[in-house]
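Have the sequence and the 3D view open as you read.

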Amino acid sequence: MADVHNKDQRRKNMRAIKSADTSIEVRVRKMLWHAGYRYRLNVKSLPGTPDIYLPKYRAAIQINGCLWHGHNCPQFVLPKTRTEFWKNKISSNVQRDLRNIRESKQQNVRVLLIWECAIRGNGRLEPDYLLKLISRWLPTDDSLSVIDKQGIRSTSLKDLKAQFHEALNQT
Ligand SMILES: [Zn+2]
């Protein structure tokens, strides 16, 4: 079968996805800043270099693109071309995400994972509501929560693993 995406094209696609991920991250960042929260960005000494880290709450906020990080949601659709390539790529991102969360737990760093679909696209959460969810979570002692279109919920590594599995094995 013909390879419709040559290497350059693929690299371009990946860059586009990555920079889109960055823009949703900036939205959350600005929102928190305006609400008076102070944080550090891309702290390299913490597992996975979290996007946003709030030392006061020992909390890392990670904003994940649905395709790039394998969210089991309508926004995640495996590309029809080079499907295996994408699957492998996303799988290794997912493995890394899980490892980072595990290591964060070990270092007593709490993790809030926010999916792209909660911030952008059909059915996204109202920004005020999103901020409210984050603000409520920060002072708790919950070690791992997820925000998606349905709102916020506390979760476990095991449940996260299961949702990744479902996303990557969709037909
Ligand atoms: Zn999603």
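## The zinc site

The four donor atoms around the zinc ion subtend angles of 100 to 117°, and the arrangement is therefore tetrahedral. For comparison, the ideal angle for four tetrahedral donors at a metal is 109.5 degrees. Please keep in mind throughout that this is a predicted model.

Which residues coordinate the zinc ion? They are Cys 66 and Cys 73 and Cys 117, each through SG, together with His 71 through ND1, at 2.0 to 2.4 Å. Read along the sequence, the donor residues follow the spacing C-x4-H-x1-C-x43-C. Within this set, His 71 and Cys 117 link distant parts of the chain, being 46 residues apart. His 71 sits in the loop between strand E3 (59-64) and helix H2 (83-106), while Cys 117 sits in the loop between strand E4 (110-115) and helix H3 (127-137). Are these two residues buried or exposed? Both His 71 and Cys 117 are buried.

In soluble globular proteins, nonpolar side chains tend to be buried together. Here the largest nonpolar core has 23 residues, and Leu 32, Ile 61, Ile 114, Ile 134 and Ile 147 are those with the most contacts inside it. Helix H1 (7-34), strand E2 (52-54), E3, E4 and H3 each supply at least two residues of this core. The element that gives the most to this core is H3, with five residues.

With neighbours within four places in sequence left aside, Ile 134 is in contact with Val 28, Leu 32, Ile 61, Leu 112, Ile 114 and Ile 147. Another core, of 22 residues, lies apart from the largest one, and Ile 90, Leu 98, Leu 144 and Ala 167 are among its members.

## Aromatic rings and the arginines over them

A pair of aromatic rings is described by the distance of the centres and the angle of the planes. How many aromatic pairs are there? The count comes to five aromatic pairs. Phe 85 has a relative accessibility of 23%, so it counts as partly exposed. Trp 86 has a relative accessible area of 3%, and therefore it is buried.

Two arginines are worth a look as well. Arg 38 lies over the face of Trp 33, at 3.5 Å from the ring centre. Arg 110 lies over the face of Trp 137, at 4.2 Å from the ring centre.

## Positive phi values and a buried glutamate

Most residues other than glycine have a negative phi. Asn 42 has a positive phi, near 45°, and is not a glycine. Asn 42 is placed in the loop between strand E1 (40-41) and E2, and it counts as partly exposed because its relative accessibility is 36%. Arg 58 likewise has a positive phi near 45° in a residue other than glycine. Arg 58 is found in the loop between E2 and E3, and its relative accessibility of 38% makes it partly exposed.

Is Glu 25 buried or exposed? Glu 25 is buried, because its relative accessible area is 9%, under the 20% cut-off.

Gln 95 belongs to helix H2, and with a relative accessible area of 48% it is partly exposed. Between Gln 95 and Ser 154 there are 20 Å in space, C-alpha to C-alpha, and the two are 59 residues apart in sequence.

Asn 169 has its place in the segment after helix H4 (157-168). At 43% relative accessibility, Asn 169 is partly exposed. Asn 169 and Gln 107 are 62 residues apart in sequence, and their C-alpha atoms are 32 Å apart in space.

Terms used
Residues numbered from 1 in each chain as written. Predicted model: local features only at pLDDT ≥ 70, side-chain atom pairs only at ≥ 80, totals over all residues. Heavy atoms only, no water. Donors = N, O, S within 2.8 Å, 3.2 Å for Na, K, Ca; no water. Tetrahedral: all angles 85-135°; square planar, octahedral: opposite > 155°, others 65-115°. Helix = DSSP H or I, 4+ residues; strand = E, 2+ residues; numbered from the N terminus. Buried < 20%, exposed > 50% of the residue type's maximum accessible area, 1.4 Å probe, protein only. Core = buried A, V, L, I, M, F, W, Y, C linked by side-chain atoms within 4.5 Å. Contact = heavy atoms within 4.5 Å. Phe/Tyr/Trp six-rings, centres within 6.5 Å; stacked < 30°, edge-to-face > 60°. Lys NZ or Arg CZ within 6 Å of the ring centre and 35° of its normal.
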